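Please keep the sequence and the structure in view while reading.

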Amino acid sequence: MTQVLLARLRVAAAWTICAGIGCSFVAQADEIKIGVVDTERVLAESAPAIRALRKIEKEFLPRDQEIKKMATQAKALQDLLEKDGKTMPEADRRGKERDLATLNREYQRAQRQMREDLSLRQNDEVATLQLSATKAIQGIAETEKYDLILPLRDLVYRSQRMDITEKVIKALADK
């Protein structure tokens with residue numbers, strides 16, 4: 001009977017130890033601080049993002065205006081050919097058609113080149129902004145003692161109190 005009692009005491013002690021370990025894990029889990037960031041919103045709404053967008057628009061405005069001017073010229077030439085093409089001399093009509101074809105090629109080339117350059121510029125600005133955002137997030141994480149910060153786009157659910165997007169946007173605005 002003493003062996004049965006001793007075995008029961010061992011089992012009870014083991015359960016007590018396991019319960020104590022489990023409680024300490026729960027206590028530690030309660031102390032974990034997790035945050036989420038809507039990085040797309042940071043890249044769209046933060047002050048540096050807005051400044052970068054304005055800077056790019058200003059930088060590409062002259063080229064855009066030149067491309068629009070080429071489109072207007074091509075449209076005017078097309079309209080002229082449609083209106084007067086049948087009545088003008090054959091040599092003049094062919095010359096205008098060649099001019100229109102050349103203008104259309106130049107227009108398409110300029111448009112393609114501007115899209116490529118714009119894409120490269122936007123990628124450069126986004127990379128710079130991502131670096132700044134990452135530093136801001138790390139600063140917030142260190143200051144407010146976060147253990148983990150996740151991007152919002154991959155989450156199925158999150159509590160609004162975990163969202164630090166506004167803090168990141170404000171931190172970027174202060175720079």
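## Basis of the report

The structure is a predicted model, in which local features need pLDDT of at least 70 and side-chain atom pairs count only at pLDDT 80 or more, whereas totals for chains, interfaces and linings use all residues. Residues are numbered from 1 along each chain as its sequence is written, and side-chain values use heavy atoms, with hydrogens and water left out.

## Overall layout

The protein chain contains 5 helices and 2 strands. Read from the N terminus, these elements follow the order α-β-α-α-α-β-α. Helices (H or I, at least four residues) and strands (E, at least two) are DSSP runs, numbered from the N terminus.

Of the 175 residues in the protein chain, 22% are buried. Here buried means under 20% relative accessible area, exposed means over 50%, and partly exposed lies in between (1.4 Å probe, protein chains only). The chain exposes about 13,100 Å², of which carbon and sulfur atoms supply 57%. Accessible areas come from the Shrake-Rupley method with a 1.4 Å probe, and for residues only the protein chains shown count as cover. Among the contacts (heavy atoms within 4.5 Å) with a separation of 6 or more, 81% are between residues 24 or more positions apart.

## Salt bridges

Side chains of opposite charge can pair when their charged atoms come close. The structure holds 12 salt bridges, each defined as a side-chain nitrogen of Lys or Arg within 4 Å of a carboxyl oxygen of Asp or Glu. One of them joins the side chains of Asp 117 and Arg 63, with 2.8 Å from N to O. Asp 117 belongs to helix α4 (residues 90-143) and Arg 63 to helix α3 (residues 47-84), so this pair ties together parts that are 54 residues apart in sequence. Both partners are partly exposed: Asp 117 has a relative accessibility of 21%, and Arg 63 has a relative accessible area of 31%.

Another salt bridge lies within a helix. Asp 79 pairs with Lys 75, and their closest N and O atoms are 3.0 Å apart. The two residues are 4 residues apart in helix α3, so about one helical turn separates them. Asp 79 is partly exposed, at 33% relative accessibility. Lys 167 and Glu 144 also meet through their side chains in a salt bridge, at 2.7 Å from N to O. This pair links distant parts of the chain, since Lys 167 is in helix α5 (residues 165-173) and Glu 144 is in the loop between α4 and β2 (148-151), 23 residues apart. Lys 167 is partly exposed at 37%, and Glu 144 is partly exposed at 27%.

## The largest pocket

The largest pocket holds about 170 Å³ of space. On a 1 Å grid over the protein atoms alone, a pocket is an open set of points where a 1.4 Å probe fits, with protein on both sides within 12 Å along at least five of seven lines, and lining residues have an atom within 4 Å of a point. Grid points are joined across faces, edges and corners, and a volume is the space filled by probe spheres set on the points.

Helices α2 (39-45), α3 and α4 each supply at least two residues of the lining; the largest share, 5 residues, comes from α3. The lining includes Leu 43, Ile 50, Gln 122, Glu 125 and Leu 129. By class, it has 9 nonpolar, 1 polar and 1 charged residues. Ala, Val, Leu, Ile, Met, Phe, Trp, Tyr, Cys and Pro count as nonpolar, Asp, Glu, Lys and Arg as charged, and the others, Gly among them, as polar.

## Individual residues

Lys 96 lies in helix α4 and is partly exposed, at 29% relative accessibility. Beyond its neighbours within four places in sequence, Lys 96 is in contact with Leu 77, Leu 80, Leu 81 and Met 88. Lys 96 and Leu 77 are 19 residues apart in sequence, with 7.3 Å between their C-alpha atoms.

Ala 171 is part of helix α5 and is partly exposed, with a relative accessible area of 22%. Residues up to four places away in sequence aside, Ala 171 touches Ala 136 and Ile 140. Lys 145 is found in the loop between α4 and β2 and is exposed, with a relative accessible area of 63%. The phi angle of Lys 145 is near 60°, a positive value in a residue other than glycine.
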